Amino acid sequence: MENYSYTQALSIRKLNERFFMVHITHDDVRRIARLSHIHVSEEETPKMAQQLQSILSYASRVADYAQLYSDAQIEVKGSVVLRPDVSVKTDSDTILAAAPDREGNYFVVPVIVEAGQ
Amino acid sequence: MSLYSFITIAELQKKIAAREITPQEVLEFYIRRFEVFDQSIDSALEVFDKESIMQKSGNSGSLLGIPGLLKDNICQQGRTLTCGSKILEHFVSPYDATVTSRLKAEGALMIGRGNMDEFAMGSSTETSAFKKTKNPWNTECVPGGSSGGSAAAVAAGLVPWALGSETGGSVRHPAALCGIVGLKPTYGLISRYGLVAYASSTDQVGILTTTVRDNAIILSAIAGKDEHDASTIQQEKKDYTALLGKPLKSGIRIGIVENALNAEGVDSEVVAAIEKAISVIEKNGAQITRIKVPTLDYAAATYFIVSRAEAASNLARFDGVRYGLRNKSATTLSDMYCNTRHDGFGQEVRARILIGNYVLSAGHAAQFYNNAQKVREMMKRDFDKLFGEVDLLIMPTHPAPAFKIGAFDDNKLQMDLQDYFTCAMNLVGIPALSLPCGMSSTNLPIGFQIVGSHLSEELIFQVAHTYEQVTEWHTKHPEGF
């Protein structure tokens with residue numbers, strides 16, 4: 001397993017720190033905000049871009065370390081744990097009590113699709 | 001009042017059993033302490049009324065009459081649950097978390113809700129939408145985070161125990177900054193049912209107390225397999241105090257993580273205090289070796305990616321549809337989602353969700369998320385190998401004593417790096433305990449961590465207890481409480 005040394009890992013990181021910086025543009029923020037379903041105002045965008053750039057630039061060093069290992073050597077194994085396949089009922093009033101807007105046993109929300117679409 | 005102010009759970013259990021004081025009197029005492037002292041530290045979001053506290057708890061058990069505070073991301077049936085966020089400001093939990101019901105079954109009294117960083121995202125309790133908790137040792141300083149309310153309350157003697165939650169260090173970090181004991185258990189040892197999810201592959205309930213024995217007492221009450229949480233380990237209930245006070249096994253091997261202790265930015269007083277602790281532990285029978293753990297240097301970067309990715313997924317449920325805040329002026333569903341989440345989430349939560357979706361998105365996932373998963377796997381193997389060579393590790397919990405409120409307002413990276421020494425254990429799933437080992441020249445606590453392999457809580461407690469009993473840090477309390 002050990003085909004790297006501490007010094008080797010450190011030197012790769014120092015090298016990449018000088019050359020590798022993640023750039024986050026205002027367009028990146030708008031695109032990711034849309035994906036996240038979170039509104040970010042024009043006033044908030046520059047600060048958000050700066051924070052994302054700072055954290056992601058730091059985090060990008062995982063690439064340095066991961067490259068020390070070839071794909072063949074790393075297998076990320078997951079395991080599946082299942083619960084019994086039994087339906088569990090909860091009283092709907094308890095759940096609907098927290099609803100911002102309800103009608104009978106329905107959660108009421110704004111229009112999803114306009115008529116004619 | 002002062003006889004009970006910083007009393008331990010162990011001592012309180014004896015006094016209640018001997019009928020020197022009733023559970024009702026104990027509760028009245030601690031509710032009064034919150035009334036008198038919490039205005040200076042703002043540890044609790046809410047302290048409940050005496051009647052409902054007594055009514056909701058069991059009448060017998062090992063923790064009969066012992067009150068504690070629950071971080072406000074742990075469900076208590078019929079109580080408000082905010083996670084420190086406006087998006088859940090008026091949400092009432094319809095059920096008890098497993099940890100809550102197990103504590104109630106032992107007669108423990110749930111006294112209130114502990115303040116926290118919003119959705120556990122932060123290291124200072126400053127991102128709470130409602131109030132900023134202060135460190136009882138210096139109220140201009142932060143208590144650490146994200147379980148800062150719970151830690152501050154225990155440190156100020158307002159409760160003998162509190163629960164927090166760990167995702168990257170959020171129990172150990174405030175424990176160290178507040179001078180108390182904080183446990184992050186093995187992943188899967190304590191049920192996450194009823195703990196609001198942040199990063200599901202690392203989240204764990206953690207325990208905050210003033211002594212190691214008290215910590216083991218609470219763990220004994222809440223640990224163990226839970227049918228409601230498929231990620232819990234097949235582990236029956238046990239008594240985690242069993243080894244306390246017994247002599248350490250001869251030649252117990254403890255590795256000092258050099259690249260952590262000597263990392264850039266660690267305060268020299270922190271290093272000095274930990275070196276003293278190491279020599280005390282060595283004098284008490286441990287065999288000390290100095291080691292390097294290279295993957296540790298990449299833990300924070302890996303943690304940033306994995307935790308934010310999982311958070312982006314877990315926080316997608318807060319959309320204004322079924323519960324919580326809803327932006328009522330939106331006319332389309334999409335606007336409702338976007339505006340609700342803008343209005344309901346603070347800046348830090350929104351930033352972390354965006355980062356999480358960025359590292360998972362097409363064109364970036366390979367560079368960030370997939371690589372982070374690989375490094376995480378490498379880290380697990382490194383620690384597995386390490387625990388073949390040593391029994392436990394010692395390293396810093398935090399880089400420096402508690403910082404001033406607002407110190408990192410303009411430097412989010414530096415704030416996030418408060419997790420630097422703690423997050424590896426969350427990624428790997430191994431247990432770690434932070435306990436006090438000194439005071440800085442500015443009269444702020446210094447802590448250190450003892451880290452063990454999977455399910456080694458008893459050994460960690462035993463070594464920590466041995467250290468605690470030959471030192472006096474656990475008897476020191478902030479003035480004015």
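Asp42(B) counts as buried, at 18% relative accessibility, where buried means under 20% relative accessible area, exposed over 50% and partly exposed in between (1.4 Å probe, protein chains only). This is a predicted model, in which local features need pLDDT of at least 70 and side-chain atom pairs count only at pLDDT 80 or more, while totals for chains, interfaces and linings use all residues. Residues are numbered from 1 along each chain as its sequence is written, chains are lettered from A and ligands numbered from 1 in the order in which they are written, and side-chain values use heavy atoms, with hydrogens and water left out.

**Backbone spots to look at in chain B**

- Most residues other than glycine have a negative phi, and most peptide bonds are trans.
- Asp42(B), although not a glycine, has a positive phi of about 55°.
- You will find Asp42(B) in the loop between helix H3 (23-41) and strand E1 (44-47) of chain B; helices (H or I, at least four residues) and strands (E, at least two) are DSSP runs, numbered from the N terminus.
- Asn443(B) also is not a glycine and has a positive phi, near 60°.
- The loop that holds Asn443(B) runs between strand E10 (432-439) and strand E11 (445-452) of chain B.
- With 44% relative accessibility, Asn443(B) counts as partly exposed.
- Gly145(B) and Ser146(B) are joined by a cis peptide bond, with omega about 10°.
- Ser146(B) belongs to the loop between strand E3 (109-114) and helix H6 (148-155) of chain B.

**Helix packing around H8(B)**

- Two packed helices are described by the angle between their axes and the distance between the axes.
- Helix H2 (residues 9-17) and helix H8 (residues 212-222) of chain B pack at about 70°, with axes 8 Å apart; axes are lines fitted to C-alpha atoms, for helices over the stretch in contact, and angles run from 0 to 180 degrees between N-to-C directions.
- H2(B) and H8(B) are therefore roughly perpendicular to each other (angles under 35 degrees count as roughly parallel, over 145 as roughly antiparallel, 65 to 115 as roughly perpendicular and the rest as oblique).
- Ile9(B), Ala10(B) and Gln13(B) of H2(B) meet Arg213(B), Asp214(B), Ile217(B) and Ile218(B) of H8(B), contact meaning heavy atoms within 4.5 Å.
- The residues of this contact of H2(B) with H8(B) are four nonpolar, one polar and two charged (Ala, Val, Leu, Ile, Met, Phe, Trp, Tyr, Cys and Pro count as nonpolar, Asp, Glu, Lys and Arg as charged, and the others, Gly among them, as polar).
- Helix H5 (residues 98-105) of chain B packs with H8(B) at an angle of about 105°, with axes 8 Å apart.
- That makes H5(B) roughly perpendicular to H8(B).
- Val99(B), Arg102(B) and Leu103(B) of H5(B) make the contact with Ile218(B), Ala221(B) and Ile222(B) of H8(B).
- In the contact of H5(B) with H8(B), five residues are nonpolar, none polar and one charged.

**Chain A and its interface with chain B**

- Chain A has five helices and two strands, in the order α-α-α-α-α-β-β from the N terminus on.
- Of its 117 residues, 32% count as buried in chain A.
- The interface brings 61 residues of chain B into contact with 53 residues of chain A.
- Chain B and chain A bury about 5,300 Å² between them, 69% of it on carbon and sulfur atoms; buried area is the accessible area (1.4 Å probe) that two parts lose on being put together, summed over both.
- In chain B, Tyr298(B), Leu354(B) and Tyr358(B) lose the most area to chain A, together 14% of what that side buries.
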